[in-house]
Amino acid sequence: MISLSYDTEYAYAVARIQVIENKLLNKDSLYRMVDARTIDEAVKMLQESGYSFKSSSNNDPYEIEESLKLEYKRLYDLMAEIAPEPEVFKIFRLKNDYHNLKVIIKSEYKGYAQDELLLDTSTIPYSELKLMVRDRKLDDMSEEMRNAVLDCVETFNKTSDPQVIDLILDRAAAIEAINIARASKKRFIIELNKIIIDLTNISSFLRVRLMGKTGDFLGNVLLPGGKVNQDLLLENLEKGINGLMEVLASTEYEKLLISSAESYEKGIMSTYEKLSDNYILDFVKKHKYSVFDVEPLVGYLFAKENEIRNVRIIMTGKINNIPGEIIKERLRETYV
Amino acid sequence: MAVMQINPTRMELTRLKNRLKTARRGHKLLKDKRDELMKQFLELVKQNKELRETVERMIGEVHKKFLIARAVMSSEFLGEALMFPKQKIALKAEEGNIMGVEVPILSFTTESTDESNVYPYGFATTSGELDGAISTLSEVFPYMLKLAQLEKTVQLLAAEIEKTRRRVNALEYVLIPQLTETIKYISMKLDENERGNLTRLMKVKDMMLEEAHNYKARLKEE
C-alpha cells in the first residue's frame with residue numbers, strides 16, 4: 001500500500017510536472033521545425049523550448065546527438081529528483097543498464113572498448129558495471145542480470161554468435177522489468193510494462209517473418225510476461241501478419257495491426273513502429289490526470305522521450321535534406 | 001627521319017632488312033593484340049558501367065535506409081547493435097588471364113550458409129528500419145566484390161592497352177621509318193659507290209686504250 005505521506009509528495013511532483021509538461025513541443029511546433037528553411041532556424045526553435053546547444057553552428061549531427069543525450073540525462077535526473085518513489089523509475093532506466101552490459105560484453109570479445117556507446121542514464125554507473133564484468137564480481141547485480149551475464153559468457157564461448165548476447169540480455173531485461181513492476185504493486189506500471197513487452201514481441205514477430213527466419217529463432221527472441229500468448233505467435237509465424245490479425249482480433253492491438261498491415265506487406269516496418277509508439281503514448285496519456293500517483297510522472301517521461309525521438313527524426317532529416325513529407329510521415333503523436 | 005649511325009655496307013643492309021621484316025611482323029602482331037584488347041576492354045567497360053550503376057543505386061538505397069534507422073534510434077543503441085558482426089566471410093583472390101594480362105578473380109564464401117544470418121543484434125532495442133538497411137547491404141556485397149574485380153581488370157587492361165599502343169606507335173612511327181630510311185640510305189650509298197666504280201672503270205679503260213693505241217697522237221698527225 002502507498003502510505004499517506006506519498007500523497008502530498010505526489011501532489012507536489014505532479015503539480016511540477018504539469019507545469020513543465022506545457023513546455024513540451026506540440027505538433028505545430030514540430031511541423032514548424034520540419035518546415036524550417038534552414039537548420040539554424042530549427043535549432044533556434046529547439047533552443048527556445050529549452051534544449052541546449054554548445055555553439056550556434058549545428059550542422060554537425062554529433063553535436064545534436066550530444067544535446068539530445070543531455071536532454072535525456074536531464075529528464076532522468078528530474079525524475080530521480082521529484083519522484084517520491086524513485087525505485088519505480090528504475091524500470092525505465094533498466095534498458096540502459098542492459099544496453100551498457102551489451103556494449104561491455106561485446107567489447108570484451110572484440111578486444112577493444114567502445115566507451116562512447118555507453119549511456120550514463122543507467123541505474124548502475126557504467127564505470128562500476130565495467131569493473132564488475134571485467135573482474136567477474138557479479139555479486140552486486142540483480143539475480144537476473146548476474147545469470148544473464150554468466151549465460152552470455154557461456155553461450156558466446158560455445159557459439160561465437162554476438163546476437164545471442166543481445167537476445168539473452170533483452171530477455172533478462174524484460175524479466176527484471178516484470179519483477180520491478182510487480183514489486184511496485186502499481187497496476188498502471190504492470191499494465192504499461194505488459195503493453196511494452198507485447199508490442200516488442202509483435203514487432204519481433206513481424207521482423208522475424210520479414211527476415212524469413214523460423215519459429216525456433218522467434219522462440220529465442222520473444223520476451224516473456226506479455227498479455228499475448230507466446231505460443232500463439234509461434235504457431236502463426238508462417239501465416240504472417242494475416243495470421244497475427246486473426247489471433248489478435250478483438251484484442252486491443254487489432255486496430256494497430258490493421259493500420260500497419262498495408263505498409264508491412266510491402267516490407268516496411270516504420271508504420272508499425274510509429275503506431276506502436278503512439279499506442280504506448282496514448283496509454284500513458286489516458287492516465288495522466290490522476291493526481292496522487294505515479295502516472296503523470298511516467299506520462300511526462302514517455303512524452304519527453306517521445307519528443308526527443310521526434311526531434312532526432314526531424315534534425316537527422318533536416319541535416320540530410322530528407323523531404324519534409326518523409327519526415328512528417330515518421331513523426332510520432334505528441335503528448336500535449 | 002634521322003638515319004641511324006651505321007656503316008653503309010652490304011652486310012649492314014642485309015641485317016637491317018631482316019630487322020625491318022621482324023619489326024613489321026611485330027607491328028602487325030601488336031596491332032592485332034591492341035585491337036583485340038580494345039574489343040575486350042570496351043565490353044568490360046560496358047559491363048562495368050552497368051554494374052557500377054546497380055551498385056551505386058543499391059548503396060544509395062542502403063544509405064537512405066540507414067539514415068532513417070539512424071533517425072529513429074539513438075546513436076548509442078545503433079552503435080551497440082552493429083558493433084559486433086555476426087556473419088563472417090572468407091575472401092579468395094585468384095589470378096585469371098585475359099590476352100596475357102594477369103587479372104584478379106575474387107570469390108567469397110560465407111561462414112554460415114543461412115542468408116538471413118546477417119543481423120547481429122537483438123530485437124527489443126532496435127528498429128525494424130535497421131533490418132532493411134542491413135539486408136540490402138548484405139545483398140549489395142556480392143555485387144561490390146564483382147565490381148571490385150571488374151574495375152581492377154579494366155584498369156589493368158587499360159594499362160596494357162596503353163603499353164601496347166605505345167609499342168605499336170614506336171614501331172610504326174619511329175623504328176620502321178628509321179629502318180626504311182637507313183636501308184634507303186645504304187642502298188643509295190651502295191648504288192653511288194657502284195656508279196663511282198663504273199665511271200672509274202670506264203675512265204681507266206679509256207686511259208688504257210689511249211696508252212695502247214695512242215689515239216690522240218694519231219689524230220694530230222692526220
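A salt bridge here is a side-chain nitrogen of Lys or Arg within 4 Å of a carboxyl oxygen of Asp or Glu. Keep that in mind. Here is a case: Arg330(A) and Glu329(A) meet in a salt bridge through their side chains, at 3.8 Å from N to O. Arg330(A) has a relative accessible area of 12%, so the residue is buried.

One caution before we go on. The model is predicted.

Let's stay with charges. Side chains of opposite charge can pair when their charged atoms come close. How many salt bridges are there over all chains? The count comes to 42.

Take Glu81(A). Its salt-bridge partner is Arg16(A), and the closest N and O atoms are 3.3 Å apart. This pair links distant parts of the chain. Glu81(A) sits in helix H4, residues 61-82 of chain A, while Arg16(A) sits in helix H1, 65 residues apart. Glu81(A) is exposed, at 54% relative accessibility. Arg16(A) is partly exposed, at 29%.

Next pair: Arg136(A) and Glu108(A). Their side chains form a salt bridge of 2.8 Å, N to O.

Now a loop in chain A. Asn22(A) is found between helix H1 (4-21) and helix H2 (27-35). Is Asn22(A) buried or exposed? Its relative accessibility is 61%, and exposed means over 50%, so Asn22(A) counts as exposed. Asn22(A) and Tyr335(A) are 313 residues apart in sequence, yet 9.6 Å apart in space, C-alpha to C-alpha.

On to chain B. Ser116(B) is in the loop between strand E2 (101-110) and helix H3 (128-213). Why is Ser116(B) called buried? Its relative accessible area is 8%, and buried means under 20%. Which residues does Ser116(B) contact, leaving aside neighbours within four places in sequence? They are Met211(A) and Lys213(A). Lys64(B) is 52 residues from Ser116(B) in sequence and 21 Å away in space, C-alpha to C-alpha.

Last stop: a negative surface patch. Its members are Glu61(B), Asp114(B), Glu115(B) and Glu139(B). Glu61(B) is in helix H1, residues 10-72 of chain B. At a relative accessible area of 32%, Glu61(B) is partly exposed.

Terms used
Residues numbered from 1 in each chain as written. Chains lettered and ligands numbered in written order. Predicted model: local features only at pLDDT ≥ 70, side-chain atom pairs only at ≥ 80, totals over all residues. Heavy atoms only, no water. Helix = DSSP H or I, 4+ residues; strand = E, 2+ residues; numbered from the N terminus. Buried < 20%, exposed > 50% of the residue type's maximum accessible area, 1.4 Å probe, protein only. Contact = heavy atoms within 4.5 Å. Patch = residues over 30% accessible without salt bridge, like charges linked within 9 Å, V, L, I, M, F, W, Y side chains within 5 Å. Areas by Shrake-Rupley, 256 points an atom, 1.4 Å probe, with all protein chains shown as cover. Lys, Arg positive; Asp, Glu negative; His and termini not counted. Charge placed at Lys NZ, Arg CZ, Asp CG, Glu CD.
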